[in-house]
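Me: Please go through this model with me and say what each label rests on.

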Amino acid sequence: MTDMPHEPLAREDILLEGFLALKTPEGFRAELIEDEIVVTPPPDGDHERYISRITRQVSRHSLVDMDFSGNKGLKLVGAIDQTRDHVIPDATFAPLDKDLFLGAEPWMPGEGVAMVLEVTSTRGHKDRQAKRRGYARGGIPLYLLVDRDDSTVTLFADPERGDYRARRTVPFGKPLPLPAPFGFDLETTDFL
């Protein structure tokens, strides 16, 4: 039997293959962000409290009924000469009538997602920079960032050319207007 010659794998293919084969300990989250594998430990209770407060408000006040996922893997356009980002937002919101999560692969494209949410933890700089750029490249219309280090909430909007053109930041305790399809002021007094 003769061995068939194989094309050598590109660096991006090797990185992606290694990432997808990772086995992380229970509760840990592995993401591929701008060609870096990032493994995050389980979140603390304060982190989850912020997510709970926001998802409750979205559920009660959005103009459009929203589906929510706290574990949905998103496969986004990578930066030039980089592998596609594979990220797991703390929360992913999509209009209920689109039913995006039904039958979705573990790593689905971001088309149709209305907003993603990140709450900073051990690697806040990734949420502020690399993940922000990744969500913008992926065309996610709204990115909500709860920055526990700065005690602020920022809404990034209007993605274009790998970043968001608009941002609005408020300190904890002040309301943050969320545009349609949400259409309400996010209350942050519980964040104090």
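Reply: An open sheet holds 6 strands in the order β3-β6-β8-β9-β10-β11, with mixed pairing. This is a predicted model, in which local features need pLDDT of at least 70 and side-chain atom pairs pLDDT 80 or more, while totals for chains, interfaces and linings use all residues. Residues are numbered from 1 along each chain as its sequence is written, and side-chain values use heavy atoms, without hydrogens and water.

Me: Why do β3 and β11 stand at the edges?

Reply: β3 (66-69) and β11 (163-171) each have a single partner strand, so one side of each lacks a neighbour in the sheet. Strands are DSSP runs of E, at least two residues, and helices runs of H or I, at least four, numbered from the N terminus.

Me: How do you know that β8 and β9 pair?

Reply: Pairing requires at least two bridges found by DSSP. β8 (residues 115-119) and β9 (residues 142-147) are joined by 5 bridges and run parallel, so they pair by that definition. Glu-118 has Leu-145 in β9 as its bridge partner.

Me: What makes α3 a helix that packs on the sheet?

Reply: Helix α3 (residues 124-137) touches β8, β9, β10 (152-160) and β11, where contact means heavy atoms within 4.5 Å.

Me: Why is Leu-22 called partly exposed?

Reply: Its relative accessible area is 36%. Buried means under 20% and exposed over 50%, with partly exposed in between (1.4 Å probe, protein chains only), so the label is partly exposed. Leu-22 is in the loop between α1 (11-20) and β1 (29-33).

Methods. Axes fitted to C-alpha atoms, helices over the stretch in contact; angles between N-to-C directions.
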